[in-house]
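Keep the structure open while reading.

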Amino acid sequence: MYGSKIVLDLKFTPIRDADLQAIAGSEVLEIGTIKLDAHNEMVDAFQTYVKLQYSKIPSYVT
């Protein structure tokens with residue numbers, strides 16, 4: 001491949017409320033990206049958490 005590339009990684013958490021599952025089955029919890037150059041070397045990175053609206057982070061996740 002030629003030029004730079006962006007790799008996107010999304011992490012989801014399930015919505016457990018049956019009524020809300022009609023809206024969506026899960027929510028985005030975290031977004032991560034990296035930018036690679038033409039030689040697949042990492043040039044830049046970005047990571048952020050997203051505030052959940054319909055679910056909570058399970059207690060076993062640390």
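A surface patch is built from residues with over 30% relative accessible area and no salt bridge, and nonpolar side chains are joined within 5 Å. The model examined here is predicted.

**The nonpolar patch**

Leu8, Leu10 and Phe12 make a nonpolar surface patch of about 300 Å². Leucine 8 sits in strand β1, which covers residues 5–14. Why does leucine 8 count as exposed? Its relative accessibility is 56%, and the exposed class begins over 50%. As a general rule, side chains in a regular strand alternate between the two faces of the sheet.

**The salt bridge**

How many salt bridges does a search of the whole structure find? The search returns 1. Lysine 11 forms a salt bridge with aspartate 9. The closest N and O atoms are 2.8 Å apart. The cut-off for such a contact is 4 Å. Lysine 11 is partly exposed, because its relative accessible area is 36%. Aspartate 9 is partly exposed as well, at 37% relative accessibility.

**The sheet**

The chain has 0 helices and 3 strands. Along the sequence the pattern reads β-β-β. The strands form an open sheet in the order β1-β2-β3, with antiparallel pairing. Which strands are at the edges? They are β1 and β3, the latter spanning 42–49. Each of these edge strands pairs on one side only. From one strand to the next, the twist averages 15°.

Take the pairing of β1 with β2 next. Strand β2 covers residues 26–36. β1 and β2 pair in the antiparallel sense over 10 bridges. Proline 14 has serine 26 in β2 as its bridge partner. Valine 7 stands opposite isoleucine 34, also in β2.

The second pairing joins β2 to β3. These strands are antiparallel too, over 7 bridges. Isoleucine 31 has threonine 48 in β3 as its bridge partner.

**The turn**

β2 and β3 form a hairpin, with 5 residues between them. Asparagine 40 is found in the loop between these two strands. In general, most residues other than glycine have a negative phi. Asparagine 40 is partly exposed, since its relative accessible area is 49%. The exposed class needs over 50%.

Lysine 51 counts as exposed because its relative accessibility is 78%. Lysine 56 counts as exposed at 74%.

Lysine 56 and leucine 29 are 27 residues apart in sequence. Their C-alpha separation in space is 9.8 Å.

The accessibility values are set side by side below.

| Residue | Relative accessibility | Class |
|---|---|---|
| Leucine 8 | 56% | exposed |
| Aspartate 9 | 37% | partly exposed |
| Lysine 11 | 36% | partly exposed |
| Asparagine 40 | 49% | partly exposed |
| Lysine 51 | 78% | exposed |
| Lysine 56 | 74% | exposed |

**Overall shape**

Return to the chain as a whole, with its 0 helices and 3 strands. Its radius of gyration is 16 Å. For 62 residues the globule rule gives 11 Å. The value for the chain is well over that, so the chain is more spread out than a compact globule. The C-alpha atoms fill a box of roughly 45 × 25 × 15 Å, taken along the principal axes. What share of the chain is buried? Buried residues make up 18% of the 62 residues. A residue is in that class when its relative accessible area is under 20%.

Note on methods
Residues numbered from 1 in each chain as written. Predicted model: local features only at pLDDT ≥ 70, side-chain atom pairs only at ≥ 80, totals over all residues. Heavy atoms only, no water. Patch = residues over 30% accessible without salt bridge, like charges linked within 9 Å, V, L, I, M, F, W, Y side chains within 5 Å. Areas by Shrake-Rupley, 256 points an atom, 1.4 Å probe, with all protein chains shown as cover. Salt bridge = Lys/Arg side-chain N within 4 Å of Asp/Glu carboxyl O. Helix = DSSP H or I, 4+ residues; strand = E, 2+ residues; numbered from the N terminus. Buried < 20%, exposed > 50% of the residue type's maximum accessible area, 1.4 Å probe, protein only. Pairing = 2+ DSSP bridges. Axes fitted to C-alpha atoms, helices over the stretch in contact; angles between N-to-C directions. Rg over C-alpha atoms; globule rule 2.2 N^0.38 Å.
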